[in-house]
Structures are given as structure tokens and as C-alpha cells.
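Please keep the sequence and the structure in view while reading.

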Amino acid sequence: MKNYTDYKNILKGLDFPYVVLDKDLFNENIELNLKRAGNKKIRLASKSLRCIKTMRMILDYNSQFQGIMTYHGKEVLYLAKQGFNNILMGYPIVSKTLIEEITKLRKKGKQIYFMIDSLEHLTILNEIGKQQKIKISICIDFEDR
């Protein structure tokens, strides 16, 4: 197993920026996560994995990895255009223009799920769903009080 000094020597003289991925450690990490998850499905968090190729490698590694959780609606649009499917928005959005763009992708068959945490979010999505004549899939984030 390589250590910091090994990588420092390997990368000596290279100009920034660059990305380094130790495939052995990468695969070890994937296996560890599969073991921890047991028989549960695993959704990738895109804010932790900013590299399209890396996300594809993980999703292709094992069918237990299914879907991506995103940070923002614009990221949903970008990832969907890159060919990803089964996308969950990790945070609610209220931009009607952005929601309409995303629902157009749903109409084309993309599996995209909107997060809601208030009646306002649900009302906006319901309104746009009626206008677009599409059922919008949601994930409800609630706090037990």
C-alpha cells in the first residue's frame, strides 16, 4: 500500500490541477461500503464525488449501487444530460423555471425525484405537475418533533 511520500514522489514535477485515484484503495473502499450496506441499495452523493467517470465506475461496479443524490437542481440537469438516471435531489428547490426544465426530462423517461420539506414545495410541484400533465415523484424530508 502506498503512503503520502510515495504519492508525493510519483506526482513530483506535475503541474496542478490533477486528480489521483488509487484503484486498489478505490475498489477496497467500494467493497467496504457494500459490506456495510448488507443487502440495502446504495445511492451515491454527488457532492462527495465530483468526477463523472468515478461515479460511472462505482455504479458499474455492482448493481447494489443505484442512483445519485444531488445537491442542486442545475446539477440534476447536468447529470441527466450526461446519461445518468435515478436522480434524487437532496434539497428542495422552488425555482419554477428549474422545476419545469427537470419535469421535461421526467417526461422523456428520466427517473428524477424531488425533495420536499414544506407544504410550499409540495404546492409548487403540484401546480407545475398539473401544467405539464405529469406526475412528479417526491421524497419527503420530515423532522419528528
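## Terms and model

A residue is called buried when its relative accessible area is under 20%, exposed when that area is over 50%, and partly exposed in between. The structure discussed here is a predicted model.

## Helix 5 against helix 6

Helix 5, which spans residues 96-107, and helix 6, which spans residues 119-132, have axes that come within 10 Å and cross at roughly 50°.

On the side of helix 5 the contact is made by Lys 96, Ile 99, Glu 100, Thr 103, Lys 104 and Lys 107, and on the side of helix 6 by Ile 124, Leu 125, Glu 127, Ile 128, Gln 131 and Gln 132.

Side chains of opposite charge can pair when their charged atoms come close. The structure contains two salt bridges, and one of them joins Glu 127 to Lys 96, with the closest N and O atoms 3.0 Å apart. Glu 127 belongs to helix 6 and Lys 96 to helix 5, so that the pair links distant parts of the chain, 31 residues apart.

Glu 127 has a relative accessible area of 33%, which means that this residue counts as partly exposed. Lys 96, at 38% relative accessibility, is likewise classed as partly exposed.

## The salt bridge between Glu 75 and Arg 50

Glu 75 and Arg 50 also meet through their side chains in a salt bridge, at 2.7 Å from N to O. Since Glu 75 lies in helix 4 (residues 73-81) and Arg 50 in the loop between strand 1 (42-45) and helix 3 (52-61), the pair ties together parts that are 25 residues apart in sequence. Glu 75 is buried, at a relative accessible area of 13%, whereas Arg 50 counts as exposed, at 57%.

## Helix 2 against helix 3

Helix 2 (residues 23-37) packs against helix 3 at an angle of about 50°, with the axes 11 Å apart, and that angle makes helix 2 oblique to helix 3. Their crossing is right-handed.

Lys 23, Phe 26, Asn 27, Ile 30, Glu 31 and Leu 34 of helix 2 meet Thr 54, Met 57, Ile 58 and Tyr 61 of helix 3. The residues of this contact divide into six nonpolar, two polar and two charged.

Conventions. Residues are numbered from 1 along each chain as its sequence is written. This is a predicted model: local features need pLDDT of at least 70, side-chain atom pairs count only at pLDDT 80 or more; totals for chains, interfaces and linings use all residues. Side-chain values use heavy atoms; hydrogens and water are left out. Axes are lines fitted to C-alpha atoms, for helices over the stretch in contact, and angles run from 0 to 180 degrees between N-to-C directions. Helices (H or I, at least four residues) and strands (E, at least two) are DSSP runs, numbered from the N terminus. Contact means heavy atoms within 4.5 Å. A salt bridge is a side-chain nitrogen of Lys or Arg within 4 Å of a carboxyl oxygen of Asp or Glu. Buried means under 20% relative accessible area, exposed over 50%, partly exposed in between (1.4 Å probe, protein chains only). Angles under 35 degrees count as roughly parallel, over 145 as roughly antiparallel, 65 to 115 as roughly perpendicular and the rest as oblique. A crossing is left-handed if the near helix is turned anticlockwise from the far one by less than a right angle, and right-handed if clockwise. Ala, Val, Leu, Ile, Met, Phe, Trp, Tyr, Cys and Pro count as nonpolar, Asp, Glu, Lys and Arg as charged, and the others, Gly among them, as polar.
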